[in-house]
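Have the coordinates open and follow along.

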Amino acid sequence: MSGEPKQRRRQIGRSEVAALVSLEDEGFIEHRGHRVWWGATAGGPVPLLTIHGGPGICHDCLEPLAALPRRVVFYDQYGCGRSDRATRPTDYDLPLFIEEIDAVRAALGLERLHLFAHSYGGLLALAYLFGQPEGVVSLTLSNSFASVPALVAGWHRRLEELPTVSADVLLAGDPSHPAYGAALGEFVQRFVYRGELPEPVLRSMGNSGAEVYARMHGSSWFTPDGLLADVDLTDRLGEIAVPTLVIGGELDQCVPELAHAIHKGIPGSELTIFAGRHFPFFESPADFLDLVQGFLARAERAATA
């Protein structure tokens, strides 16, 4: 492993992560008549394009990746963050968000790049790569899934670890229920992030797109009924032909079996399971960044061998 990531291991602490973001440039691109915000750090020749999750939880929660010693490009998907919102929620669909990746690449000249996707963003990245786009050096999937039905099955398993009354309230999906807030808080503490949520995550939530979430995922966290409810890409994972790193969390809401399934399906992929939950780049930032940077460097060497 190179010396720079080891130096970052000494420098990066859990409380310091939010202060590491320094964008060299930012702006908007046009896609299908609306604006999509992007921002990028300074760095080396092969950039990393990040694809955030949600649907509709904007890029801010991925800010720890800005500490990587390369150009890191963020963007807010249509309908959230600094990007425009649709006047008609029916405009949001999977093909639009897949095309959006190509639109960002074309506008910023990202002919050769790495892809990083977190959570729901992994579903977008996989669907994008099924189109065999040129110039993708590697793919990193962090705390993600290839099958929404399998994701939901994992959530139900996690709910079984909560007191029955809490699980029942969450499955009912009624935020106005007097016990809903406490039940959701318990789920988040156990399976999303232990302790106070980091400021960038809170910012992502505050700038999120509720209409995108409702349209794509559905009306309830634990019982999705949106456009993605039946999406299962597992049988197509063998089509992914770029070096792939799969990262999971032992206590994650995206149960580790989801990461194992992706690893099994993508030929030659690498797998790392962290001990924590849904945001390993906040829980274990130095170890996470070392892992990702080492993988990106290996993928680059393999591409030029």
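Is H217 buried or exposed? H217 is buried, because its relative accessible area is 9%, where buried means under 20% relative accessible area, exposed over 50% and partly exposed in between, with a 1.4 Å probe and protein chains only.

## Ground rules

The model is predicted, so local features need pLDDT of at least 70 and side-chain atom pairs count only at pLDDT 80 or more, while totals for chains, interfaces and linings use all residues. Residues are numbered from 1 along each chain as its sequence is written, and side-chain values use heavy atoms, with hydrogens and water left out.

## Around H217

H217 sits in the loop between α8 (210-216) and β7 (244-249). Helices (H or I, at least four residues) and strands (E, at least two) are DSSP runs, numbered from the N terminus. Beyond its neighbours within four places in sequence, H217 is in contact (heavy atoms within 4.5 Å) with P55, W155, V212, P224, D225 and G226.

The H217 side chain also reaches the backbone oxygen of S220 at 3.3 Å. R71, by contrast, lies 146 residues from H217 in sequence and 31 Å away in space, C-alpha to C-alpha.

The side chains of D76 and H59 are joined by a polar contact of 2.8 Å. Such a contact is a pair of N or O atoms within 3.5 Å; within protein, one must be able to donate a hydrogen and the other to accept it, and residues adjacent in sequence count only if both atoms are side-chain atoms. Not counting residues up to four places away in sequence, D76 touches several residues, among them V36, W37, H52 and R82.

G43, in the loop between β2 (34-40) and β3 (48-51), counts as exposed because its relative accessibility is 54%. Setting aside residues up to four places away in sequence, G43 touches R70 and R71.

## Aromatic rings

Rings of Phe, Tyr and Trp (its six-membered ring) pair if their centres lie within 6.5 Å; planes under 30 degrees apart count as stacked, over 60 as edge-to-face and the rest as tilted. By this rule there are 14 aromatic pairs. Y92 and F97 are stacked, because their ring centres are 6.2 Å apart and their planes are at 15 degrees; both residues are buried. F187 and F191 have ring centres 5.1 Å apart and planes at 65 degrees, so this pair is edge-to-face.

Both F187 and F191 belong to helix α6 (residues 180-191), 4 residues apart, or about one turn of the helix. Elsewhere, ring pairs link F116, F274, F279, F281, F282 and F288 into a cluster.

## Charges over rings

A charge sits over a ring if NZ of Lys or CZ of Arg is within 6 Å of the ring centre and within 35 degrees of the ring normal. R35 lies over the face of F28, 3.9 Å from the ring centre, and the charged end of R236 sits over the ring of F130, 4.2 Å from its centre.
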